[in-house]
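Student: I would like to go through this model with you. Could we begin with its pocket and then turn to the helix packing?

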Amino acid sequence: MTFDEMIEFIIDRIEKGYANHPADNGGETNWGISVRAHPRLKGRMKSLTKDEAKKIYRTDYFTPAQIAKYPAKVRQAVFDGAINHGVISNNKVVQRSLNRLGHKLTVDGVLGPLTWAALKQSDPLTFLATYSRQRLELFKKHEDYDWAGPSWEYRLFLMCAAS
């Protein structure tokens, strides 16, 4: 999948438009972009366009997370993880997942040659299942899980289906 295909899926199927749930620690959100993660948008979140959101997704998540380097079968899910957890935290989820598959990586959030080699050696579907399980464990530890957990789980399962 291309960046455009992945981001259209995320925006159209999951994020949709503007939200301001009182219990959401992210605060105002539009197209999945939160004011907490992007404080420069405070006061103009409602007017954020879909095209502006796509640019933020590309520059803040897709490119720094090096999504294009991942095996095609796992790109959608890992891109969603970078959006959901942040790039460095998500890189650690990737590394922990690979370690669960028998690799011996340092979990530092830096995707170096050893991480890429481990990904290349791993079966994409097995990695995707392990990675998704790691994300679910992260969700369950989050303070907002009680109210947001069902939608996060739906998102996770939707990502698996889309991959």
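Student: Which element gives the most to the lining of the largest pocket?

Tutor: Helix α7 does, with 6 residues. This is a predicted model, in which local features need pLDDT of at least 70, side-chain atom pairs count only at pLDDT 80 or more, and totals for chains, interfaces and linings use all residues. Residues are numbered from 1 along each chain as its sequence is written, and side-chain values use heavy atoms, with hydrogens and water left out.

Student: What counts as a pocket here?

Tutor: On a 1 Å grid over the protein atoms alone, a pocket is an open set of points where a 1.4 Å probe fits, with protein on both sides within 12 Å along at least five of seven lines; lining residues have an atom within 4 Å of a point.

Student: Which residues lie nearest the centre of the largest pocket?

Tutor: Glu15, Asp24, Asn84, Trp152 and Arg155 do, out of 37 lining residues. Elements giving two or more residues to this lining include α1 (3-15), α3 (72-85) and α7. Helices (H or I, at least four residues) and strands (E, at least two) are DSSP runs, numbered from the N terminus.

Student: And its volume, what is that?

Tutor: About 1,000 Å³ for the largest pocket, where the volume is the space filled by probe spheres set on the points, and grid points are joined across faces, edges and corners.

Student: Changing topic: at what angle do α6 and α7 pack?

Tutor: About 170 degrees, with axes 10 Å apart. That makes α6 roughly antiparallel to α7, a label for angles over 145 degrees. The axes are lines fitted to C-alpha atoms, for helices over the stretch in contact, and angles run from 0 to 180 degrees between N-to-C directions.

Student: Which residues make that contact?

Tutor: Among them are Leu128 and Phe139 of α6 and Trp152 and Leu156 of α7, contact meaning heavy atoms within 4.5 Å.

Student: How are α2 and α3 arranged?

Tutor: Their axes come within 10 Å and cross at roughly 90 degrees, so α2 and α3 are roughly perpendicular. Tyr57, Tyr61 and Phe62 in α2 meet Phe79, Ala82 and Ile83 in α3.

Student: Lastly, which element has the lowest mean pLDDT?

Tutor: Helix α7 (residues 145-162), at 87; pLDDT is the predictor's confidence in each residue, from 0 to 100. The chain averages 93.

Conventions: Parallel < 35°, antiparallel > 145°, perpendicular 65-115°, else oblique.
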